[in-house]
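Work through the following exercises with the sequence and the model at hand. Try each task yourself before you read its solution.

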Amino acid sequence: MTAARHSTRDERAVSAYVERFGDTLTDAGMPRLASRVFAQLLADDDGRMTAAELTEALDVSPAAVSGAVRYLTQTYLIGKERERGSRRDVYVVQADAWHGAMLSRDRVLAQIETSLRAGVPAVGGVDTEAGRRLQLSVAFLEFLGERLGALEEEWEDRKAHLTRAWPAP
């Protein structure tokens with residue numbers, strides 16, 4: 001990290017940001033500590049922190065951090081790597097973390113669609129109110145899947161354009 005980049009960082013402002021963004025994510029349904037851990041990793045210069053560093057930065061217990069990073073890795077918002085020459089794990093947030101999370105949601109939505117589709121004949125088909133409700137859900141998830149595929153392609157083009165002039169990490 002260059003001295004110029006480091007000198008512009010205001011650690012108090014970063015801490016306040018982590019809390020505010022964590023609150024936003026919590027309000028959106030993410031568990032409280034997972035929200036704070038994700039915000040902390042996003043705000044970290046290299047997006048890489050050990051559990052001990054997260055514990056210290058957020059002033060929480062190691063057990064709490066363990067549960068939060070488990071949730072975040074399961075939702076593909078962060079990854080886990082082994083620190084070289086050590087047995088410690090390093091938690092990593094990618095620059096495009098939301099993309100990975102949305103792709104994992106796409107897979108989950110496909111599984112939900114399959115389950116809903118199986119329910120239609122079980123409840124008597126579209127001749128029943130339950131069948132129509134389930135079929136409408138299937139149709140919505142099909143529509144969403146089609147749109148997500150198109151959005152992914154559009155995003156890749158846009159991301160390439162946005163990051164073209166950025167310095168290499």
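The model is predicted, so local features need pLDDT of at least 70 and side-chain atom pairs count only at pLDDT 80 or more, while totals for chains, interfaces and linings use all residues. Residues are numbered from 1 along each chain as its sequence is written, and side-chain values use heavy atoms, with hydrogens and water left out.

**Exercise 1.** Determine where Asp96 is found and whether Asp96 is buried or exposed.

*Solution.* Begin with the position: Asp96 sits in the loop between strand E3 (89-92) and helix H6 (97-122), where helices (H or I, at least four residues) and strands (E, at least two) are DSSP runs, numbered from the N terminus. Next, take the relative accessible area, which is 19% for Asp96, so this residue counts as buried; buried means under 20%, exposed over 50%, and partly exposed in between, with a 1.4 Å probe and protein chains only.

**Exercise 2.** Find which residues Asp96 touches, not counting residues up to four places away in sequence, and describe the salt bridge between Lys159 and Asp96.

*Solution.* First, list the contacts (heavy atoms within 4.5 Å): with that exclusion of residues up to four places away in sequence, Asp96 touches Trp155 and Lys159. Second, apply the salt-bridge criterion, a side-chain nitrogen of Lys or Arg within 4 Å of a carboxyl oxygen of Asp or Glu; Lys159 forms such a bridge with Asp96, and their closest N and O atoms are 2.9 Å apart. Third, locate both partners: because Lys159 lies in helix H7 (residues 129-163) and Asp96 in the loop between E3 and H6, the pair ties together parts that are 63 residues apart in sequence. Finally, Lys159 is partly exposed, at 24% relative accessibility.

**Exercise 3.** State how many salt bridges the structure holds, and examine the one between Glu11 and Arg9.

*Solution.* The structure holds twelve salt bridges. In the bridge between Glu11 and Arg9, the closest N and O atoms are 2.6 Å apart; Glu11 is partly exposed at 44% relative accessible area, and Arg9 is also partly exposed, at 23%.

**Exercise 4.** Identify the nonpolar surface patch that includes Tyr17.

*Solution.* Recall that patches are made of residues with over 30% relative accessible area and no salt bridge, like charges being joined within 9 Å and nonpolar side chains (Val, Leu, Ile, Met, Phe, Trp, Tyr) within 5 Å. Here Tyr17, Leu42, Trp98 and Met102 form the patch, with about 370 Å² of accessible area together, as given by the Shrake-Rupley method with a 1.4 Å probe, where only the protein chains shown count as cover for residues. Tyr17 itself belongs to helix H2 (residues 11-27) and is partly exposed at 33% relative accessibility.
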